Amino acid sequence: NGLRSLRPPRSRRPRRNLIKEGRKRDTGHRTAPLRLLLQATNSGDSTTSPPSSPPSPTTAMSRRGDWVYENNGGTCVAIAGADYCVVAADTRLSVGYNILTREHSKICELADKCVIASSGFQGDIKALQKNLAARELLYQHQHNKRMSCPAMAQLLSNTLYYKRFFPYYAFNVLGGLDSEGKGCVYSYDAVGSYERTGYSAQGSGSTLIMPVLDNQLKSPSPLLVPARDAVTPLSESEAVDLVKDVFASATERDIYTGDKVEIVVINKAGTRREYIELRKD
Amino acid sequence: MEIDEHVGCAMSGLIADARTLVEHARVETQNHRFSYGEPMTVESTTQAICDLALRFGEGEEESMSRPFGVSLLIAGHDENGPSLYYTDPSGTFWQCNAKAIGSGSEGADSSLQEQFNKELTLQEAETIALSILKQVMEEKVTPNNVDIAMVAPNYHLYTPAEVEAVIARL
């Protein structure tokens with residue numbers, strides 16, 4: 001409002017107020033998910049489109065005859081422990097039978113106790129991770145604290161579902177410490193369905209890795225009542241060793257996994273990162 | 001009135017305006033639960049209410065013709081423990097340990113100053129609050145003309161029987 005005196009007189013062409021437009025967009029984004037959900041349940045109509053109506057994959061395909069996604073491969077794994085969380089992803093970026101780079105990070109630190117790893121279409125992944133990081137910053141400013149991992153988990157689910165009819169081609173794994181300091185891992189599908197688990201694998205090598213984790217970590221069923229703790233009793237170094245072993249195994253048979261694995265370990269002391277070499281073929 | 005399970009508020013002034021603010025706060029707290037899966041802190045809830053207070057100069061979107069003529073006492077419990085905030089029509093808010101608003105607020109505030117201390121139990125606080133209210137009320141205090149609510153840690157509005165029990169201790 002202090003800038004009002006600097007504005008040109010009203011008779012000239014009105015200038016666009018980008019801050020107001022941005023704020024308008026932001027308010028829509030904040031309240032839109034609840035509003036959309038209420039609209040959908042009220043009208044019983046499952047095809048409500050988001051306010052900004054982006055091109056849906058079906059219309060894009062029928063109009064341009066074009067597939068707008070691409071799979072850049074890669075595998076992500078996360079394991080939750082009693083007071084730590086390990087999140088790991090390989091660093092190969094590929095398209096088709098080609099390798100684009102051997103040193104691409106799929107992991108993004110969103111908050112001090114919250115890290116996301118995503119595999120799939122890198123264009124969508126970059127946009128999604130930037131979006132979440134920006135929302136985390138806004139949350140920090142509004143609420144004077146960093147986002148907790150469970151809060152980020154819910155936000156990611158809503159962000160993915162917001163694009164239910166033109167999804168982010170991203171298979172995500174969120175890992176970190178919850179508000180009590182216990183490890184937590186949340187795994188997602190492309191449209192935001194999520195579950196808190198003790199461990200997860202997503203991406204091209206997930207079908208090779210998940211059975212091994214199931215065998216080694218023996219998670220209790222999430223359907224049990226009372227709910228049993230899903231975190232593994234393994235120590236931090238044992239969990240990191242397990243991650244190295246599963247990545248080495250996946251690299252043998254999955255062409256999209258290899259080069260290096262980036263392992264991020266979050267515990268109450270902070271976050272540390274290490275890189276382990278994998279087979280490059 | 002209840003804003004969320006962990007936040008309630010008391011109002012003084014134009015009650016109709018207060019209902020608009022409370023409705024807005026309710027929507028904001030539920031949006032927060034929807035987006036982040038956690039309850040909104042009391043300070044953020046208060047901030048959300050006060051954001052509405054001075055929407056005059058925007059032009060097209062949501063601009064008002066007059067301010068909200070109401071003061072609110074917002075009481076809640078979050079991860080920082082219990083807290084109390086006092087808002088006025090300018091949109092400023094203060095955090096307090098004890099506050100009175102309304103026509104009898106000056107006398108009530110000074111009584112609170114004398115009688116409040118940090119070690120009060122819930123029972124003692126009920127008795128003190130009601131006795132101060134009795135001092136500034138013209139009519140006699142009965143279960144039908146007095147409301148008591150507490151947030152400990154969830155919001156609860158006392159039934160007439162519970163109010164009667166507090167009155168009996170005065």
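1. A:Glu136 has a relative accessible area of 2% and is therefore buried, where buried means under 20% relative accessible area, exposed over 50% and partly exposed in between (1.4 Å probe, protein chains only). A salt bridge joins A:Glu136 to A:Arg146, with 3.2 Å between the closest N and O atoms; the term denotes a side-chain nitrogen of Lys or Arg within 4 Å of a carboxyl oxygen of Asp or Glu. Because A:Glu136 belongs to helix H3 of chain A and A:Arg146 to the loop between H3 and H4 of chain A, the pair ties together parts that are 10 residues apart in sequence. A:Arg146 is partly exposed, at a relative accessible area of 36%.

2. The model is a predicted one, in which local features need pLDDT of at least 70 and side-chain atom pairs count only at pLDDT 80 or more, while totals for chains, interfaces and linings use all residues. Residues are numbered from 1 along each chain as its sequence is written, chains are lettered from A and ligands numbered from 1 in the order in which they are written, and side-chain values use heavy atoms, with hydrogens and water left out.

3. Chain A contains six helices and 12 strands; helices (H or I, at least four residues) and strands (E, at least two) are DSSP runs numbered from the N terminus. Of its 281 residues, 43% count as buried. Among the contacts in chain A with a separation of 6 or more, 62% are between residues 24 or more positions apart, contact meaning heavy atoms within 4.5 Å.

4. The search over all chains returns 19 salt bridges. In one of them, A:Asp178 pairs with A:Arg196, the closest N and O atoms being 3.2 Å apart. This pair links distant parts of the chain, 18 residues apart: A:Asp178 is in the loop between strand E7 (170-177) and strand E8 (183-188) of chain A, and A:Arg196 is in strand E9 (residues 194-197) of chain A. A:Asp178 is buried, at 11% relative accessible area, whereas A:Arg196 is partly exposed at 36%. A network of salt bridges also links A:Glu236, A:Lys244, A:Arg272 and A:Glu274.

5. In chain B, a salt bridge connects B:Arg169 and B:Glu126, with the closest N and O atoms 2.7 Å apart. The two residues are 43 residues apart and lie in distant parts of the chain, B:Arg169 in helix H5 (residues 160-169) and B:Glu126 in helix H4 (residues 122-136) of chain B. B:Arg169 is partly exposed, at 37% relative accessible area, and B:Glu126 is buried at 14%.

6. Chain B is assigned domain 1 (1-96) and domain 2 (99-169), the bounds coming from an automatic or database domain assignment. Taken over C-alpha atoms, the centres of the two domains are 22 Å apart. In the contact between them, 19 residues of domain 1 of chain B meet seven residues of domain 2 of chain B.

7. The two domains of chain B bury about 940 Å² between them, 73% of it on carbon and sulfur atoms; buried area is the accessible area (1.4 Å probe) that two parts lose on being put together, summed over both. B:Glu5, B:Leu73 and B:His77 supply 37% of the area that domain 1 of chain B buries against domain 2 of chain B, more than any other three residues. Across this interface the rule finds zero salt bridges.

8. A:Asn144 has phi near 60 degrees, a positive value in a residue other than glycine; A:Asn144 lies in the loop between helix H3 (122-143) and helix H4 (149-162) of chain A and is exposed at 68% relative accessibility. A:Asp259, also not a glycine, has a positive phi of about 70 degrees, yet A:Asp259 is buried, with a relative accessible area of 0%. The peptide bond from B:Ala152 to B:Pro153 is cis, with omega near -20 degrees, and B:Pro153 is in the loop between strand E6 (149-151) and strand E7 (155-157) of chain B.
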